[in-house]
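Student: I have a new model open and would like to learn how to read it. Can we go through it feature by feature?

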2 protein chains.
Amino acid sequence: MKQGFDQLDDEQAVEIFKALSNQTRVNIIQMLKDPVSNFSAQAHAIKDEGFEGGVCVSDIQSKTGISQSTTSQYLSILLQSGLVEMKRIGQWTYYRRNEKTIKQFEKYIGLNI
Amino acid sequence: MKQGFDQLDDEQAVEIFKALSNQTRVNIIQMLKDPVSNFSAQAHAIKDEGFEGGVCVSDIQSKTGISQSTTSQYLSILLQSGLVEMKRIGQWTYYRRNEKTIKQFEKYIGLNI
DNA sequence: TATAAATATCGCGAAATACCGATATGATAT
DNA sequence: ATATCATATCGGTATTTCGCGATATTTATA
C-alpha cells in the first residue's frame, strides 16, 4: 500500500474493497477491534514491545476456524490493503488494525462513493 | 438485496464490498453522483417519469468504455448489492444511485469496520 | 407484421480467488 | 546441533470473476 498520504485514491480503495469482499476477512477486522475481549490475555498483551492490541496469527486462526496457511494469506491481503499492520516479535507475528487507514477509508467512502 | 431494514448485516455488506471491488463499477457509482454534468441532457432528464437522476445503460456504457454486455452485467451486480436502483421506461432502462443503501453502507463501515 | 433500437442473457476462455496440505524459514530452547 | 514452535510460502484443485461476442427479449415504430 502507498503510505504517507492522507487521502486514499481509487486504486487503494478498490484494494480495500477486495480485502473486505470476504466474510472471514471482515470477521478478522471485526475481532481485532476488541482484542482484550476476543482473545486470551497472553495473546495480545505486548505493552512492552510497543505494539499494543496486536494479536498473533495462531490466536486469530483459532477464532476463524480456517487453516493456518489461509489465515496467514488472509492477513497478508489485509496487510497489503493497509487495513492492518504487523510486527514480528520473537517467533510471533502480531497483527492489529491500522486505524489511520481505516479512518481514511471511511473518509473515502463519504467523499467518493 | 434484502430490503426494508435500516441496518445492513455482514452478508449484505460483503456483497457491497464485492460490487465495489472493481474499478469500473466504482467509476459507474461515481459518475452517477452527478448525472447532469457527466451525461448528456437527454440521457438523464426523466422528471416526467418520476425517476430523476436515472441514466440509461447505453450512456453509461459509452462513458465506461466496456462492452454493452459487460455494462449490463455490472449494473446487475450493483443492483443486486442495493447500491443502485433501476426503472424500465419504454425501451430504456434507467439506473440511479440508491442513496438509502449508500447511507446504510457508510453507517455500517463506521460501526462495524 | 416486419424492422430497428435498447437491454438482458448465454456461453465462452482467461484470469483471479478460495482454501487446503505440505514444506520451508526463522526464532527459541535444550 | 537439533528439536520445536510460529509463521510464511508453495503447489494444487475447485470455484468465482472478468470481459467479450453472439443471441434472445422487449419496446417502439413504420
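Predicted model: local features only at pLDDT ≥ 70, side-chain atom pairs only at ≥ 80, totals over all residues.

Student: Let us begin with chain A. How many helices and strands are there in chain A?

Tutor: Chain A has seven helices and three strands.

Student: What pattern does chain A follow along the sequence?

Tutor: Read it as α-α-α-α-β-α-α-β-β-α.

Student: What share of the residues of chain A count as buried?

Tutor: Chain A has 113 residues, and 28% of them count as buried.

Student: And the contacts in chain A: what percentage join residues at least 24 apart?

Tutor: Take the contacts between residues at least 6 apart in sequence. Of these, 56% join residues at least 24 apart in chain A.

Student: Now the sheet. How do I read strand pairing?

Tutor: Start with the general idea. Strands of a sheet pair through backbone hydrogen bonds, and the pairing is either parallel or antiparallel. Now the case here. In chain A, three strands make an open sheet with antiparallel pairing.

Student: In what order do the strands of that sheet in chain A stand?

Tutor: The order is β1-β3-β2 in chain A. The edge strands are β1 (55-56) and β2 of chain A, and each pairs on one side only.

Student: How many bridges join β2 to β3 in chain A?

Tutor: Six bridges link β2 (residues 84-89) with β3 (residues 92-97) of chain A, and these strands run antiparallel. Look for Met86(A): its bridge partner in β3(A) is Tyr95(A).

Student: And how many bridges join β1(A) to β3(A)?

Tutor: Two bridges join them, and again the strands run antiparallel. Find Cys56(A); opposite it in β3(A) stands Tyr94(A).

Student: Which residue takes a positive phi in the hairpin of β2(A) and β3(A)?

Tutor: That residue is Gly90(A), with a positive phi near 60 degrees. The hairpin has two residues between its strands.

Student: Next, helices. How do I describe two that pack together?

Tutor: Two packed helices are described by the angle between their axes and the distance between the axes.

Student: Which residues of α2(A) and α5(A) meet?

Tutor: From α2(A) come Thr24(A), Asn27(A), Ile28(A) and Met31(A). They meet Ile60(A), Lys63(A) and Thr64(A) in α5(A). By type, this contact has three nonpolar residues, three polar and one charged.

Student: Let us move to chain B. What order does the sheet of chain B have?

Tutor: The order is β1-β3-β2 in chain B, an open sheet of three strands with antiparallel pairing. Its edge strands are β1 (55-56) and β2 (84-89) of chain B.

Student: Where is the positive phi in the hairpin of β2(B) and β3(B)?

Tutor: Go to Gly90(B) in the turn, where phi is about 65 degrees.

Student: Last, the two chains together. How many residues of chain B are in contact with chain A?

Tutor: 16 residues of chain B contact 16 residues of chain A. On the side of chain B that touches chain A, α7(B) gives the largest share, five residues. That side divides into eight nonpolar, five polar and three charged residues.

Student: At what angle do α7(A) and α7(B) pack?

Tutor: The angle is about 170 degrees, with the axes 10 Å apart. The two helices are therefore roughly antiparallel to each other. Glu106, Ile109 and Gly110 of each chain make the contact: Glu106(A), Ile109(A) and Gly110(A) with Glu106(B), Ile109(B) and Gly110(B).

Note on methods
Residues numbered from 1 in each chain as written. Chains lettered and ligands numbered in written order. Pairing = 2+ DSSP bridges. Helix = DSSP H or I, 4+ residues; strand = E, 2+ residues; numbered from the N terminus. Buried ≥ 20, exposed ≤ 12 C-beta atoms within 10 Å, placed from the backbone. Contact = placed C-beta atoms within 7 Å. Nonpolar A, V, L, I, M, F, W, Y, C, P; charged D, E, K, R; others polar. Axes fitted to C-alpha atoms, helices over the stretch in contact; angles between N-to-C directions. Parallel < 35°, antiparallel > 145°, perpendicular 65-115°, else oblique.
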